[in-house]
Amino acid sequence: MKPVLPAVLAASLTLILAACAATPTADTRTPPADAVSAQDQAALDSALAGSWRDPKNTPRDVYRHPRQTLAFFGVQADDTVIEITPGGGWYAEILAPYLRPSGHYIAAVWDDAIPGQPGYRYDLNKRLRAKFAGNPAVYGTPEVRVFDPKAPRFGAAGSVDTVLTFRNAHNWVSDGNADAYFQAYFDVLKPGGTLGVVDHRARPGTDLATMKESGYLTEALVIDLAQKAGFVLAAKSEVNANPKDTTDHPNGVWTLPPNNQHDAADDAKYKAIGESDRMTLRFTKPRG
């Protein structure tokens, strides 16, 4: 026969157990509230609200969460920051003005002088340079630094505070040279510097062939690439997560917005999902 607890003791035990269950465990996925100073956060908010931002870009804030993402990466207003292949400049419209007064923004792009590269790369580089040149009062004099995609190198060793790469790692994995990119990130960063990675997230256990085909990568693969280069995983964030994304679309991640590579009849379906589920990982280069 099971012992019966006195009513008062039973009630107390219930409350204790409930309190334990309600106590949150440490969660490194939550962006730290003090990642940037209040002054820097105000400057970042000003850049996010800038009238210079392309009207086609601002609606995507709801999917890309730039305020929370940059705060999580701890991007300070006086940092020297390299953004890897910024494309048409979605993040450059935010980062270059934010860093203009006391920091330095560097856009690392494929070298236009190397023949045989995809034509769209040249077009993106041209558009980015035109964006900067067309509004120096806002952007200042950001640097567009070219690199060889087959042998990436982003500058002098130990010369920058932060490297940011948004939805690029899947390209390096697909090309088979991801190790070289992560090593180049490590080399250019100062000791104690930050590597911030955002990319499309595959379900755990997804095989490499599927990742290359779909554009989604497992967190485990990205973490392994970074750690092999010498980085330490500092934190994860779920700020760019999208639980609606099943990651098993007919044309991979490009099925979803903004690429929308799907039949017109399925437009509402994929709009309802939104942009991809994404990992957001912060790595550091050890100081010693």
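Modeller: Happy to, and keep in mind that this is a predicted model. Of the 288 residues in the protein chain, 47% count as buried. The chain's secondary structure comes to 12 helices and 7 strands.

Colleague: What share of the contacts with a separation of 6 or more comes from residues 24 or more positions apart?

Modeller: Let's take the surface first: the protein chain exposes about 14100 Å², and carbon and sulfur atoms supply 56% of that area. Now the contacts: among those with a separation of 6 or more, the share from residues 24 or more positions apart is 76%.

Colleague: Which element gives the most residues to the largest nonpolar core?

Modeller: That core has 40 residues, and F154, F182, Y185, L195 and F231 touch the most other members. The element that gives the most to this core, with 7 residues, is α9.

Colleague: How many residues are in the other core that lies apart from it?

Modeller: Its members include F72, Y98, L164 and A235. The count for this separate core is 28 residues.

Colleague: Is strand β4 largely enclosed or largely open, and how many of its residues are buried?

Modeller: Start with its partners: β1 (residues 80-84) pairs with β4 in the parallel sense over 3 bridges, and β5 (residues 189-200) pairs with β4 in the parallel sense over 6 bridges. β4 is largely enclosed by the rest of the structure, because the number of its residues that are buried is 7 of the 7.

Colleague: Which residue of β5 stands opposite V163?

Modeller: V163 belongs to β4, where it is the bridge partner of I82. In β5, the residue opposite V163 is L195. Among the residues that touch the most other members of the 40-residue core is this very one, L195.

Colleague: How far apart in sequence are the parts that the F154 and Y185 pair ties together?

Modeller: F154 is buried at 3% relative accessibility, and Y185 is buried at 1%. F154 lies in the loop between β3 (143-147) and β4 (160-166), while Y185 is in helix α9 (residues 178-188), so the pair ties together parts separated in sequence by 31 residues.

Colleague: Which other residues do ring pairs link with F154 and Y185 into a cluster?

Modeller: Beyond its neighbours within four places in sequence, F154 has contacts that include F147, Y181 and Y185. Joined with F154 and Y185 in the ring cluster are F147, W172, Y181 and F182.

Colleague: What kind of pair do F186 and F231 make?

Modeller: Both F186 and F231 are buried. F186 is in helix α9 and F231 in the loop between α11 (219-229) and β6 (232-237), 45 residues apart. Their ring centres are 5.1 Å apart and their planes are at 85°, so the pair is edge-to-face.

Colleague: Which charged residue sits over the ring of F186?

Modeller: Elsewhere, R64 lies over the face of W90, 4.7 Å from the ring centre. For F186, a charged end sits 4.7 Å from the centre of its ring, and that end belongs to K285.

Technical notes:
Residues are numbered from 1 along each chain as its sequence is written. This is a predicted model: local features need pLDDT of at least 70, side-chain atom pairs count only at pLDDT 80 or more; totals for chains, interfaces and linings use all residues. Side-chain values use heavy atoms; hydrogens and water are left out. Helices (H or I, at least four residues) and strands (E, at least two) are DSSP runs, numbered from the N terminus. Buried means under 20% relative accessible area, exposed over 50%, partly exposed in between (1.4 Å probe, protein chains only). Rings of Phe, Tyr and Trp (its six-membered ring) pair if their centres lie within 6.5 Å; planes under 30 degrees apart count as stacked, over 60 as edge-to-face and the rest as tilted. A charge sits over a ring if NZ of Lys or CZ of Arg is within 6 Å of the ring centre and within 35 degrees of the ring normal. A nonpolar core is a set of buried Ala, Val, Leu, Ile, Met, Phe, Trp, Tyr and Cys residues joined through side-chain atoms within 4.5 Å. Contact means heavy atoms within 4.5 Å. Accessible areas come from the Shrake-Rupley method with a 1.4 Å probe; for residues, only the protein chains shown count as cover. Two strands pair if DSSP finds at least two bridges between them.
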